[in-house]
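Dear colleague,

Please find below the structure for your review. My notes on the helices follow it.

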Amino acid sequence: MSTHAADPLAALAALPGVPDAVDSVRKAVDRVYGHRVMRRRSNEISSEAALRGARASAALSGADWALEEVRRRTDFSADAEARTVGAALRLGVEVGQLLSIWWQSPLRVLARLHLVAAGDDADSVGRPRQAGEAVDEPLIEAPLPDAAEVAARLDGLAGLIVAGSSAPALVTASVVHGELLALRPFTSYSGLVARAAERLVLIGSGLDPKAICPAEVGHAELGRAAYVAAFDGYLSGTPEGMAQWITHCGRAVELGVRESTAVCEALQRGAA
């Protein structure tokens, strides 16, 4: 992320196209929150959103399982794809436990998310990668920053979060997501952690307090090629590229809203 304004996130919010994306997301979220089913069954919708978001995030990391397979399975240790799906499911549960910590200690939260995703106690788990450590991150093939740059940029990102910003939640969430993808700060599951962190910001900022708008679903629906292309915009650091990434994330949130709206409609019909 390259900008030198006093509030760099707020500066991004003014880029061409971004205010429209922010407004569109806000209206979409307001509509699903106003659905009559939400008044009685929001916990069911939140649980379903977490499941569908986890499935979608795993798909973006190369484990594209059918939703019913994810729902049915109980053992996620058999192979690399199963472990990826299991990691995504665990992250979906964990995000809600970390909301109060995020704004004071984002690096602690990111370390916890990686620990939960990895599900083991290897030396490389729960901390940023060190020099010479290999990185396993499907899909993202951009040049890998070295460990020193990772540490410095994580500190910078944490500083932005702790300092606070007047930027809309979509902008902050998009930057957190993009920066973590760019850094791939962990030896594994950095993509899953990046998308979980985006979701955490959307929930914790108050845009989606009941966690019913799974952006991961939208990212998967838009497709891996579009995801990578938009991410290239983030990597460019140009105003146009940053706006491209933020608006792409906005479309993903809107598609997540559409998914949960469909769940509301199914519940209303008694079909789910």
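This is a predicted model: local features need pLDDT of at least 70, side-chain atom pairs count only at pLDDT 80 or more; totals for chains, interfaces and linings use all residues.

Residues are numbered from 1 along each chain as its sequence is written, and side-chain values use heavy atoms, with hydrogens and water left out.

Helices (H or I, at least four residues) are DSSP runs numbered from the N terminus. Helix 3 (residues 38–60) contains 23 residues, yet its end C-alpha atoms are only 29 Å apart. A straight helix would reach 33 Å at 1.5 Å a residue (the expected span is 1.5 Å times one less than the number of residues). Helix 3 bends by about 40° at Glu 44, the bend being the angle between axes fitted to the seven residues ending there and the seven starting there. Just after helix 3, Gly 62 adopts a positive phi of about 100°.

Helix 3 also packs with helix 13 (residues 239–269) at an angle of about 130°, their axes being 10 Å apart. Axes are lines fitted to C-alpha atoms, for helices over the stretch in contact, and angles run from 0 to 180 degrees between N-to-C directions. Residues in contact (heavy atoms within 4.5 Å) include Glu 44, Ile 45 and Arg 52 of helix 3 and Glu 259, Val 263 and Leu 267 of helix 13. By class, this contact has 6 nonpolar, 1 polar and 5 charged residues. Here Ala, Val, Leu, Ile, Met, Phe, Trp, Tyr, Cys and Pro count as nonpolar, Asp, Glu, Lys and Arg as charged, and the others, Gly among them, as polar.

The axes of helix 5 (residues 80–94) and helix 7 (residues 106–118) come within 8 Å and cross at roughly 140°, which makes helix 5 oblique to helix 7. Ala 87, Arg 90, Leu 91 and Glu 94 in helix 5 meet residues of helix 7 including Arg 112, Leu 113 and Val 116.

For helix 10 (residues 190–204) and helix 11 (residues 215–222), the axes come within 9 Å and cross at roughly 130°.

Yours sincerely

How values were computed:
Helices (H or I, at least four residues) and strands (E, at least two) are DSSP runs, numbered from the N terminus. Angles under 35 degrees count as roughly parallel, over 145 as roughly antiparallel, 65 to 115 as roughly perpendicular and the rest as oblique.
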